[in-house]
Amino acid sequence: MPTDPTPSRPGRDDAYVVDTRRRPKRPGGGAIAPPRRPERGRSDAPAPEPVDAVEVPERQRYRWRKGRLVLVALLVLLLAWVGFMVWVPMHAWSAVNKVDNIPDGERPVDTSGYNYLLVGSDSREGLTKAQRKKYATGNAEGNRTDTIMLVHVSESGGKPVMVSLPRDSYVPIPGHGSNKINAAYSIGGPKLLTNTVEQVTGIHVDGYVEIGLGGFANVVDSVGGVNLCVPRDMKDKKAGIDLKKGCQTLDGGNALGYVRSRYEDPMGDIGRAARQRQFLGALMKKAATPATVLIPWRYKDFADASAAGLAVGTGTGIMDAVRVLQAMRSVSNDEGLSLSVPTSDLSYRTSAGALAVKWDTERAKALFGALKNDDPLTEPPAGTTVRGATNS
């Protein structure tokens, strides 16, 4: 059995064996280096070659620049449009007449919600002779009210409410006994009318808005007419109308006659009040359409025409007017309540022998109490809608 020629010796460590063989040379000379162990965390993959930046074609850069310019232009136009939309009503508001409607003495407590007195005056001021003839307004002197409404805007979640107070309503007028409510305006203007409404309803009036006949017709024409469904054939020489039953577009003159007419209406003053609420809702619906808002000259014409025929109380601000307009629009969209004060006699004979409208005392108190307390109304209270009147 062969033996190891270099046996280990006792007490001596094993010797290191050194490889004395010559390393192979590269073909071009020089030894081939032994492979190195890769360092921990380091990949053996070769480093990527540096890549030159991709040059963006000139056409692509042109498109980018053009896109940025379009975005900037659109942004400028948007800001200009928003500024125009804000400037128009603010400028128009500066032309609105101010009237003193704040009553003297003790007033009802101001409670939750907002309550506004909306008045349509039959003043001929601002109407030319041709317009008076065209609209059949006559030449009566002095001021009276064709429309008296109480507009309530709830803060408790209830629907906006428009309540007609018929102009022939027989009520106490502070310092002047009892008379038809429109007499308060003839005697003492907006101040006495506001005082009368506050005392008879127990509601604090937060603002006052009034529009005259001339301004009324111009507002309608500024929006290109108002779409209304006439409930029956209506011919009234005193109002200057001869309308056929059915849905149609009324211009300023016909719309004015439609809301003023009462002698041919079987419901008398109650029917007229219902038509007035119907018309105001339709006007606000038309005013809010894109055809009015998105056409600059029509939008400005509407604002200017509204301001020219408008008068507001000294304590009534632009936000108060906005609330009234929004309430009218809600009513037109069936999101608000269009009501009339409850009545018990439409032909009440007064002590002076004149016929007037007598309120249903208990139901009227219940209605005004709900408005004063800002109860969230969602349905018409008892007696506030009249069968046969136009409430749409």
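Of the 392 residues of the protein, 41% come out as buried (under 20% relative accessible area, with exposed meaning over 50% and partly exposed in between, for a 1.4 Å probe and protein chains only). The model is a predicted one, so local features need pLDDT of at least 70 and side-chain atom pairs count only at pLDDT 80 or more, while totals for chains, interfaces and linings use all residues. Residues are numbered from 1 along each chain as its sequence is written, and side-chain values use heavy atoms, with hydrogens and water left out. The fold has 10 helices and 15 strands (DSSP runs numbered from the N terminus, H or I of at least four residues for helices and E of at least two for strands). As for contacts (heavy atoms within 4.5 Å), residues 24 or more positions apart make up 68% of those with a separation of 6 or more.

The largest nonpolar core holds 45 residues, and Val 226, Tyr 258 and Phe 279 touch the most other members. Such a core is a set of buried Ala, Val, Leu, Ile, Met, Phe, Trp, Tyr and Cys residues joined through side-chain atoms within 4.5 Å. Helix 6 (residues 268–287) is the top contributor to this core, with six residues. Val 226, leaving aside neighbours within four places in sequence, is in contact with Val 220, Gln 248, Thr 249, Leu 250, Phe 279, Ala 282 and Leu 283. Apart from this core lies another, of 29 residues, including Ile 181, Ala 183, Ile 203 and Leu 367.

Helix 6 also packs against helix 5 (residues 252–260), at an angle of about 140° and with the axes 7 Å apart. Here the axes are lines fitted to C-alpha atoms, for helices over the stretch in contact, and angles run from 0 to 180 degrees between N-to-C directions. Helix 5 brings Ala 255, Tyr 258, Val 259 and Arg 260 to the contact, and helix 6 brings Arg 272, Arg 275, Gln 276, Gln 278 and Phe 279. By class, that gives four nonpolar, two polar and three charged residues (Ala, Val, Leu, Ile, Met, Phe, Trp, Tyr, Cys and Pro count as nonpolar, Asp, Glu, Lys and Arg as charged, and the others, Gly among them, as polar). Eight of the nine residues of helix 5 are buried, so this helix is largely enclosed by the rest of the structure. Among them are Gly 252, Gly 253, Leu 256 and Gly 257.

Arg 275, in helix 6, counts as buried at 0% relative accessibility. The Arg 275 side chain reaches the backbone oxygen of Tyr 258 at 2.3 Å, a polar contact (a pair of N or O atoms within 3.5 Å; within protein, one must be able to donate a hydrogen and the other to accept it, and residues adjacent in sequence count only if both atoms are side-chain atoms).

Turning to the strands, seven of them form an open sheet with mixed pairing, in the order 1-12-7-2-3-4-13. Strand 1 (97–99) and strand 13 (337–340) sit at the edges with a single partner strand each, so one side of each has no neighbour in the sheet. On average, neighbouring strands of this sheet are turned by 25° against each other, direction ignored. Pairing here calls for at least two bridges found by DSSP between two strands. Strand 3 (residues 145–153) and strand 4 (residues 161–164) are antiparallel, with four bridges, and Met 149 stands opposite Ser 164 of strand 4. Strand 14 (residues 343–349) and strand 15 (residues 355–359) likewise run antiparallel and are joined by four bridges, with Asp 345 bridged to Lys 358 of strand 15. These two strands form a hairpin with five residues between them, and Gly 353 in the turn has a positive phi of about 90°.

A few individual sites round out the picture. Asn 101, in the loop between strand 1 and strand 2 (114–121), is buried, with a relative accessible area of 3%. The side chains of Asn 101 and Thr 194 are joined by a polar contact of 3.4 Å. Thr 292, in helix 7 (residues 290–293), is buried at 0%. Ile 318, in helix 9 (residues 318–332), counts as partly exposed at 26% relative accessibility. Ile 318 and Trp 93 are 225 residues apart in sequence, yet 7.2 Å apart in space, C-alpha to C-alpha.
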